[in-house]
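Look at the chain first as a whole, and then follow it part by part.

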Amino acid sequence: MSEVFNDAFALMNASGEGTLNEIFSFTDTLTPLPDHRKVRAIYNEFDADGSGDIDSEEFLGLCQALEKLTNTTVDEMANTYSTSCYKRLFVLVDDGSGPIESATISKEELKGFLDSSALQVSSGDVVGIFKDYVGELDFDDFEQVVKRLI
């Protein structure tokens with residue numbers, strides 16, 4: 001499986017359950033937007049053990065079925081979903097400095113976010129992160145930093 005697929009699965013499956021609602025969150029980022037009834041039918045088909053959650057292999061099968069439905073590759077789906085998640089997170093961390101295209105996140109904002117998250121990151125780690133960047137983090141920088149941390 002590709003790195004982007006693994007990243008998307010980890011984000012989608014953050015609760016560790018791979019529930020239908022998490023799958024709906026994933027499919028709601030796709031274009032064209034698949035009908036929830038069709039997604040539910042595909043989900044039920046790939047929840048092979050009937051546990052009510054899907055693992056990464058079942059998720060891959062589900063994505064391959066969605067690929068036929070949406071004419072979007074699995075990697076494109078995964079990338080679209082991952083980017084959507086990171087954008088929502090960026091907006092939560094940012095102090096409202098403007099549209100995401102021009103917004104930035106300061107060292108203090110990143111530290112505040114990390115202190116309130118489950119990630120174990122020290123102040124020294126935050127300083128180290130910012131050594132790689134000049135000034136504040138734009139969205140692309142933020143996405144790369146979070147990927148390194150998780």
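A residue is called buried under 20% relative accessible area, exposed over 50%, and partly exposed in between, with a 1.4 Å probe and protein chains only. The model is predicted, so local features need pLDDT of at least 70 and side-chain atom pairs count only at pLDDT 80 or more, while totals for chains, interfaces and linings use all residues. Residues are numbered from 1 along each chain as its sequence is written, and side-chain values use heavy atoms, with hydrogens and water left out.

Asparagine 71 is exposed, with a relative accessible area of 70%. This asparagine 71 lies in the loop between helix 4 (56-70) and helix 5. Helices here are DSSP runs of H or I with at least four residues, numbered from the N terminus. The phi of asparagine 71 is near 55 degrees, a positive value in a residue other than glycine. Most residues other than glycine have a negative phi, and most peptide bonds are trans. A cis peptide bond, with omega about -5 degrees, joins threonine 31 and proline 32. Proline 32 is found in the loop between helix 2 (20-27) and helix 3 (36-46).

Is phenylalanine 9 buried or exposed? Its relative accessibility is 13%, so phenylalanine 9 counts as buried. Phenylalanine 9 belongs to helix 1. Leaving out residues up to four places away in sequence, phenylalanine 9 touches Ile54, Asp55, Ser56 and Phe59; contact means heavy atoms within 4.5 Å.

Now take the helices in pairs. Helix 1 (residues 3-12) and helix 5 (residues 74-93) pack at an angle of about 50 degrees, and their axes are 8 Å apart. Axes are lines fitted to C-alpha atoms, for helices over the stretch in contact, and angles run from 0 to 180 degrees between N-to-C directions. Helix 1 and helix 5 are therefore oblique to each other; angles under 35 degrees count as roughly parallel, over 145 as roughly antiparallel, 65 to 115 as roughly perpendicular and the rest as oblique. On the helix 1 side, the contact includes Val4, Phe5 and Leu11, and on the helix 5 side residues including Ala78, Tyr81 and Cys85. The residues of this contact divide into 10 nonpolar, two polar and two charged. Ala, Val, Leu, Ile, Met, Phe, Trp, Tyr, Cys and Pro count as nonpolar, Asp, Glu, Lys and Arg as charged, and the others, Gly among them, as polar.

Helix 3 and helix 4 pack at about 145 degrees, with axes 9 Å apart. Their contact has eight nonpolar, one polar and two charged residues.

Key
Helices (H or I, at least four residues) and strands (E, at least two) are DSSP runs, numbered from the N terminus.
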